[in-house]
Amino acid sequence: MAQALNLPDTVRDNGLKNTGWAITHLRNQEVRRMWQKSPFLTERYTETGGKFDRNWWQKTQSIVSKATLLDTVEKTFVRINWTANYSRLKSQGLTGRDLITQTDRATARAVGDRSLGGMPEVHKSAIGKMFLQFTYETSENWKNNMEHFRAMAVA
């Protein structure tokens, strides 16, 4: 749900035009090809757990997440953010690999980077995964909001 609540931030960072374009182009083949080229999205949604190394709690969470469509909501809103960033950066003249790299960086900043070095260890631990599921994304969202607030206060 943290990602769904991130939509106003997506509009703030990318503008209504780019966010609207992202929402209306989620099924566009060009956009889907760009998602496949994104190391950020690939890493975020690659299933690394095998059937032998997952405990009953992780399996239960996975089933509940799929049954309640929470994983679908999370993927959709992250992809909206990624696509809005893509549209904004493309309109600024970026192309090719640079466009994908900068889009990945902007999206990781906005929704929380779960890569190997991007997430604090406490959130990767078994206890952290159990009790701190959504705190990482919420914390990143809060940090981004405070940066924008400080910038507005200085201006």
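Contact means heavy atoms within 4.5 Å. The exercises below use that term on a predicted model.

**Exercise 1. Describe the overall fold of the protein chain: how many helices and strands does it have, and what share of its residues is buried?**

Step 1. Count the elements. The secondary structure comes to 9 helices and 0 strands.

Step 2. Read along the sequence. The pattern is α-α-α-α-α-α-α-α-α.

Step 3. Look at burial. Of the 155 residues in the protein chain, 32% are buried.

Step 4. Turn to contacts. Take those with a separation of 6 or more; residues 24 or more positions apart account for 70% of them.

Step 5. The protein chain exposes about 9,900 Å². Carbon and sulfur atoms supply 62% of that area.

**Exercise 2. Find the largest nonpolar core and say which elements give two or more residues to it.**

Step 1. Start with the members. This core has 18 residues. Trp35, Phe40, Leu41, Trp82 and Tyr86 touch the most other members.

Step 2. Assign the elements. Two or more residues come from each of α2 (29-37), α3 (39-45), α5 (70-91) and α6 (96-111). The most come from α5, with 6 residues.

Step 3. Leaving aside neighbours within four places in sequence, Leu41 is in contact with Trp35, Val78 and Trp82.

**Exercise 3. Work out which residues of α2 are buried and which exposed residues its opposite face carries.**

Step 1. List the buried residues. They are Val31, Met34 and Trp35.

Step 2. Check their directions. These residues lie on the same side of α2, because they cover an arc of only 105 degrees around the axis.

Step 3. The face away from the buried side carries the exposed residues Gln29 and Gln36.

Step 4. Find the cover. What covers the buried residues of α2 includes α1 (7-24), α3, α5 and α6.

Step 5. Inspect the start of α2. There a side-chain oxygen of Asn28 reaches to within 2.7 Å of the backbone nitrogen of Glu30.

**Exercise 4. Decide whether Tyr86 is buried or exposed, and trace its contacts.**

Step 1. Tyr86 lies in helix α5.

Step 2. Apply the cut-off. Buried means under 20% relative accessible area. Tyr86 has 3% relative accessibility, so it counts as buried.

Step 3. List the contacts. Apart from neighbours within four places in sequence, Tyr86 is in contact with Trp21, Glu30, Met34, Leu99, Ile100 and Thr103.

Step 4. Pick out the polar contact. The side chains of Tyr86 and Glu30 make one at 3.3 Å.

Step 5. Check the distance in sequence. Tyr86 and Met34 are 52 residues apart along the chain, with C-alpha atoms separated by 8.9 Å.

**Exercise 5. Classify Asn14 and Pro39 by accessibility, and list what each touches.**

Step 1. Begin with Asn14, found in helix α1. Its relative accessibility is 5%, so it counts as buried.

Step 2. Find its polar contacts. The Asn14 side chain makes one with the side chain of Asn85 (3.3 Å). Another joins the side chains of Asn14 and Arg88 (2.5 Å).

Step 3. Beyond four places in sequence, Asn14 is in contact with Thr19, Asn81, Ala84, Asn85 and Arg88.

Step 4. Move to Pro39, found in helix α3. At 42% relative accessibility, Pro39 counts as partly exposed.

Step 5. List its contacts. Not counting residues up to four places away in sequence, Pro39 touches Arg97, Ile100 and Asp104. The C-alpha atoms of Pro39 and Ile100 are separated by 8.5 Å, though the residues are 61 apart along the chain.

How values were computed
Residues are numbered from 1 along each chain as its sequence is written. This is a predicted model: local features need pLDDT of at least 70, side-chain atom pairs count only at pLDDT 80 or more; totals for chains, interfaces and linings use all residues. Side-chain values use heavy atoms; hydrogens and water are left out. A nonpolar core is a set of buried Ala, Val, Leu, Ile, Met, Phe, Trp, Tyr and Cys residues joined through side-chain atoms within 4.5 Å. Buried means under 20% relative accessible area, exposed over 50%, partly exposed in between (1.4 Å probe, protein chains only). Helices (H or I, at least four residues) and strands (E, at least two) are DSSP runs, numbered from the N terminus. A polar contact is a pair of N or O atoms within 3.5 Å; within protein, one must be able to donate a hydrogen and the other to accept it, and residues adjacent in sequence count only if both atoms are side-chain atoms. The arc is that of the directions from the helix axis to the C-beta atoms. Accessible areas come from the Shrake-Rupley method with a 1.4 Å probe; for residues, only the protein chains shown count as cover.
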